[in-house]
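Here is a short report on one protein model. Keep the sequence and the structure in view as you read.

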Amino acid sequence: MWFFKRVRVRSFEFGLLMRDGEFQKLLAPGSHWLFDPFQRLQVQRLSQREARVTHDQLDLIVKSGQLAERAEVVDLKDDQRALVWIDGRLSHLLGPGLHAFWTGQHEVRVELIEVRGARFEHAQLNAITRLPTAKLLLDVCAIDRDKTGVLFVDGRCQGTVGPGVYAFWKGQGDARLVEVDLRQTTLDIGGQEIMTADKVSLRLNALVVFRIVDAAKAVSTTDDFRQSLYREAQLALRAIVGVRELDAFLTSKDEVAEELVAALRVRAGSWGLEVVTLGIRDVILPGEMKDLMNRVTEAKKAAEANLIARREETAAMRSQANTARLLADNPTLMRLRELEVLEKIATSGKLQVVLGEKGLADRVVNLL
């Protein structure tokens, strides 16, 4: 009896009978007697608790036909993929090759997918991209809200996509998704050294507010639309400010900004951009020019103050001349004016009247 040996396969297992390491047949659960006088047989056990059948000789096992009605076999070509649900739960994303899943202990459902392009679309895409095997077969990209994505396949623009998750099959073309922010963006144009028409060097800082209206054009027309807009704004500043004298520029900065916006909008429109506003933030003059302008301003203010003082003096003198003319033409009004002055003197303190000669006394009496 030593030529025979007994092998027991448990209820949740299958046994693989191997002769000199090569698969012979599948052993069902139960006890088996094997005739092995030369000790050339081995039995390997596969658990059905793990739904997927994994073995280095899976192709031989499948070709033997002994997995029929025991497992779900999936043989995928190069242009095929498969999704596998185990007991109602999404479990695997399969690539080309031979795959098998036990059906005795689990409910297995397989969905075949024909790969006809680089992009992969599915109703349960978010769940599929979280599978461990998805990283091996898919390139996954996400577009945030307030943004859009420009899709390129093999270097050709395929259009734009909105916020969400997108997946692309590896090996089915060079797919690239460029994320573009659609919100308004501020571009700082700083430290621009410009010489005015009257040969005054000044430094300008400006702000450009823009947004993208055509994402595909923005990423396809130029390699860096922000840098392109920055350079165009520099050239526009030099072209428009350089033909003005300093005083004319300082008094018409709003007009200069409007001209800059009009000049930039034409060029930016060809890149899929819209210039919303442009403002000149700072105008920095050289030190000696700043001191000279301060002195000019100080002299202007002093002249204005002197002119105002002279105007007031002239108005006061004109008023006094009118009063004197009125008093000269009306003696009674003059007498009333004298009495008012005498009343103010009497009420302001002690009034002392010193009488001299008789004529002066009579005049004071007549006055009172």
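## Confidence in the model

What pLDDT does the protein average, and what share of the residues score at least 70? The average is 84, and 88% of the residues score at least 70. pLDDT is the predictor's confidence in each residue, from 0 to 100. Among the elements, strand S7 (residues 80-86) has the highest mean pLDDT, 95. Helix H10 (residues 358-367) has the lowest, 53. Helices (H or I, at least four residues) and strands (E, at least two) are DSSP runs, numbered from the N terminus.

The model is predicted, so local features need pLDDT of at least 70, and side-chain atom pairs count only at pLDDT 80 or more, while totals for chains, interfaces and linings use all residues. Residues are numbered from 1 along each chain as its sequence is written, and side-chain values use heavy atoms, with hydrogens and water left out.

## Strands side by side

Start with the open sheet of three strands. Its order is S8-S7-S10, and its pairing is antiparallel. Two strands pair if DSSP finds at least two bridges between them. Strand S8 (89-94) and strand S10 (108-114) are the edge strands, each pairing on one side only. From one strand to the next, the twist averages 20°. For such angles, axes are lines fitted to C-alpha atoms, for helices over the stretch in contact, and angles run from 0 to 180 degrees between N-to-C directions. Five bridges join S7 and S8. At one of the bridges, leucine 83 has leucine 93 in S8 as its partner.

Now turn to S15. Strand S12 (residues 138-143) pairs with S15 in the antiparallel sense over six bridges. There, cysteine 141 has tyrosine 166 in S15 as its bridge partner. S11 also pairs with S15 in the antiparallel sense, over two bridges. Arginine 119 has phenylalanine 168 in S15 as its bridge partner.

## Aromatic pairs

How many aromatic pairs does a search of the whole structure find? The search finds three. Rings of Phe, Tyr and Trp (its six-membered ring) pair if their centres lie within 6.5 Å; planes under 30 degrees apart count as stacked, over 60 as edge-to-face and the rest as tilted. One of the pairs is phenylalanine 4 with phenylalanine 35: the ring centres are 5.1 Å apart and the planes are at 55°, so the pair is tilted. Phenylalanine 4 lies in strand S1 (residues 4-9) and phenylalanine 35 in strand S4 (residues 30-35), so the pair ties together parts 31 residues apart in sequence. Phenylalanine 4 has a relative accessible area of 39%, and phenylalanine 35 has 47%. Both values count as partly exposed, because buried means under 20% relative accessible area, exposed over 50%, and partly exposed in between (1.4 Å probe, protein chains only).

Another pair is phenylalanine 120 with tryptophan 169. Their ring centres are 4.6 Å apart and their planes at 40°, so this pair is tilted. It links strand S11 (residues 119-120) to strand S15 (residues 164-169), across 49 residues. Phenylalanine 120 is buried at 4%, and tryptophan 169 is buried at 2%.

## Arginines over rings

A charge sits over a ring if NZ of Lys or CZ of Arg is within 6 Å of the ring centre and within 35 degrees of the ring normal. Arginine 49 lies over the face of phenylalanine 12, 4.3 Å from the ring centre. Arginine 109 lies over the face of tryptophan 85, at 4.0 Å.

## A serine in a helix

Is serine 228 buried or exposed? Serine 228 counts as buried, because its relative accessibility is 6%. Its place is in helix H5 (residues 225-241). Leaving aside neighbours within four places in sequence, serine 228 is in contact (heavy atoms within 4.5 Å) with Thr222 and Trp271.
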